[in-house]
Amino acid sequence: MRSAVAALLHAVGESQSDLAAVLGVSQAQVSRRQSGTAAWSLADCEAVAAHYGITAHDLLAGPTRAIEALPAKRRRTPDRPAAGARSVAVDGTV
């Protein structure tokens, strides 16, 4: 679960804070789940899977399966930067 969540966060360009907001918990709680000091609940698994548009089975099958199941429209692309990223003009202005 932890590696699948990390892969999904990276693939879509979200942070733990973004996922925490979806789950209705703090970023610290997501961090504890990701570090293994707290467990992901079944409800968390369902919510994470729904957020990324995949099934809980795909999520729990590991990072490769989770990324393969991720809808293309959710993937970060060069023209769609990571959540919270700021666009910088060629001259360096924001």
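This report describes the confidence, salt bridges, arginine contacts and helix packing of one predicted protein model.

**Basis and confidence**

Residues are numbered from 1 along each chain as its sequence is written, and side-chain values use heavy atoms, with hydrogens and water left out. Because the model is predicted, local features need pLDDT of at least 70 and side-chain atom pairs count only at pLDDT 80 or more, whereas totals for chains, interfaces and linings use all residues.

The predictor's confidence in each residue, pLDDT, runs from 0 to 100. For the protein chain its mean is 88, and 83% of the residues reach 70 or more. Residues 86–91 have a pLDDT below 50, and beyond near neighbours in sequence this stretch has four contacts in the model; a contact means heavy atoms within 4.5 Å.

Helices are DSSP runs of H or I with at least four residues, and strands are runs of E with at least two, both numbered from the N terminus.

**Salt bridges**

A salt bridge is taken as a side-chain nitrogen of Lys or Arg within 4 Å of a carboxyl oxygen of Asp or Glu.

| Glu14 | Arg74 | 3.2 Å |

Glu14 forms its salt bridge with Arg74. This pair links distant parts of the chain, 60 residues apart: Glu14 belongs to the loop between α1 (2–12) and α2 (16–23), and Arg74 to the segment after α6. Both Glu14 and Arg74 are buried, where buried means under 20% relative accessible area, exposed means over 50%, and partly exposed lies in between (1.4 Å probe, protein chains only).

Asp44 counts as buried because its relative accessibility is 10%, and Arg33 counts as buried at 13%.

Arg74 lies in the segment after α6 (63–69). Its side chain makes a polar contact with the side chain of Glu14 at 3.2 Å. A polar contact is a pair of N or O atoms within 3.5 Å; within protein, one must be able to donate a hydrogen and the other to accept it, and residues adjacent in sequence count only if both atoms are side-chain atoms. The side chain of Arg74 also reaches the backbone oxygen of His51, at 2.3 Å.

Arg75 likewise lies in the segment after α6. Its relative accessible area is 27%, and therefore Arg75 is partly exposed. A polar atom of the Arg75 side chain lies 2.5 Å from the backbone oxygen of Ile67, and the side chain of Arg75 reaches the backbone oxygen of Leu70 at 3.2 Å. The C-alpha atoms of Arg75 and Val12 are separated by 4.7 Å, although these residues are 63 apart along the chain.

In α2 the buried residues are Leu19, Ala20 and Leu23. Seen down the axis of α2, they fall within an arc of 105°, so they line one face of the helix; the arc is that of the directions from the helix axis to the C-beta atoms. An α-helix has 3.6 residues a turn, so residues three or four places apart point the same way. The buried residues of α2 pack against α1, α3 and α4. Gly24 follows α2 and has a positive phi, near 75°.

In α4 the buried residues are Asp44, Cys45, Val48, Ala49 and Tyr52. Down the axis of α4 they fall within an arc of 130°, so they line one face of the helix. The face of α4 turned away from this buried side carries the exposed residues Leu42, Ala43 and Ala50. The cover over the buried residues of α4 includes α1, α2, α3 and α5 (56–60).

Ala38 lies in the loop between α3 and α4 and counts as partly exposed at 29% relative accessibility. Leaving aside neighbours within four places in sequence, Ala38 is in contact with Arg32 and Arg33.
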